[in-house]
Amino acid sequence: MTTQTAPADPHEAKRDLRAHARTRRAEAHAALGETAGAALRDTVLAAIDIPRDAVIGSYWPFRDEIDCAPLLHDLHGAGHEIGLPVVTARPKGGKPRPMTFRPWRPGMRLAKGRLGEPTPPPDADYGAGDLVPTLLFVPLLAFDRRGYRIGYGGGNYDATITALHATGGPLTTVGLAYSAQEVETVPTEAHDEPLDWIATEREAIKTGAGG
C-alpha cells in the first residue's frame with residue numbers, strides 16, 4: 001500500500017496522486033497483467049453475491065487497466081445482461097453527463113469512444129436499447145479502503161453513479177484494480193461517490209459505503 005502526504009487542497013492533491021498512481025498501475029500491469037484477469041474474476045465471484053437478475057455495467061479493459069474480460073465472459077455465460085459505457089460530451093463549461101450503457105456480447109467488435117476507450121459500435125443491433133445497470137464495475141487509478149477512488153479526472157463515473165442512485169433503483173458499485181493501486185487515503189471532494197466494494201487480484205474489500 002502506498003502512503004501519500006497530500007496537499008491541503010483536494011483538487012491539487014488528486015492531481016499529484018493521479019500522476020503517481022498511473023506509474024503504480026503501469027508497474028502492476030507489467031508484472032501481473034497476464035494472470036490478474038482470472039484472479040480478479042475468481043475474487044469477485046467468490047466474495048460478491050450477484051443477484052441472478054443483476055444487470056451489469058462495466059468498462060472494457062483499456063491500456064493498463066486490470067483485465068475484467070474473464071469476469072464479463074463468465075457473467076454473460078451465467079445469463080446476465082452486460083452493458084459497456086458510452087461517454088457523452090459535456091456542455092462547454094458544464095458538468096460531466098452520466099454515461100449510457102449499450103449491450104455487449106462476447107465477440108462483439110468494439111469501436112473507439114470519445115476518450116479512446118473501447119465502446120460498443122453505434123451501428124450494432126441493440127434490441128431493446130440501452131441498459132440500466134444494477135451492478136457497476138468501475139475502473140480507477142487509486143483507491144482506499146473507505147471506497148473512494150481516483151479516476152481520470154473527467155467525472156464521468158461520479159456523474160453516472162449519482163444519476164443511477166437518483167433513480168431509486170438498486171445499485172452496487174465495485175471498483176476493479178490491482179492491489180498495488182491501494183493508497184492510505186484518497187483526497188475527496190463533495191461530488192465524489194464512494195464505492196460499495198473494491199476487488200483486486202488478491203481480495204474483495206467491503207467498504208462502508210453501502211451502509
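Colleague: Which residues of α3 are buried?

Modeller: In this predicted model, they are Asn156, Tyr157, Asp158, Ala159, Thr160, Ile161 and Leu164. Buried means under 20% relative accessible area, exposed means over 50%, and partly exposed is in between (1.4 Å probe, protein chains only). What covers them includes β2, β3 (100-103), β6, β8 and β9; covering goes by contact, meaning heavy atoms within 4.5 Å. Helices (H or I, at least four residues) and strands (E, at least two) are DSSP runs, numbered from the N terminus.

Colleague: Before we go on, what are the ground rules?

Modeller: Residues are numbered from 1 along each chain as its sequence is written, and side-chain values use heavy atoms, leaving out hydrogens and water. As the model is predicted, local features need pLDDT of at least 70 and side-chain atom pairs count only at pLDDT 80 or more, while totals for chains, interfaces and linings use all residues.

Colleague: Why is histidine 11 called exposed?

Modeller: Its relative accessible area is 55%. That is over the 50% cut-off, so histidine 11 counts as exposed. You'll find it in helix α1.

Colleague: How do you know that the buried residues of α2 line one face of the helix?

Modeller: Those residues are Ala69, Leu71, Leu72 and Leu75, in α2 (residues 69-77). Looking down the axis, they fall within an arc of 155°, so they line one face. The arc is taken from the directions from the helix axis to the C-beta atoms.

Colleague: What makes a nonpolar core?

Modeller: A nonpolar core is a set of buried Ala, Val, Leu, Ile, Met, Phe, Trp, Tyr and Cys residues joined through side-chain atoms within 4.5 Å. The largest here has 42 residues, and Val44, Ile56, Leu72, Phe137 and Leu176 have the most contacts inside it. Apart from it lies another core, of seven residues, including Leu17 and Val183.

Colleague: What does leucine 176 touch?

Modeller: Its partners include Leu40, Val44, Leu71, Phe137 and Ala199, leaving aside residues up to four places away in sequence.

Colleague: Which residues line the largest pocket closest to its centre?

Modeller: Tyr152, Gly153, Gly154, Gly155 and Asn156, out of 39 lining residues.

Colleague: And what makes that space a pocket?

Modeller: On a 1 Å grid over the protein atoms alone, a pocket is an open set of points where a 1.4 Å probe fits, with protein on both sides within 12 Å along at least five of seven lines, and lining residues have an atom within 4 Å of a point. Elements giving two or more residues to the lining are α1 (10-47), β8 (149-150) and α3 (156-166).
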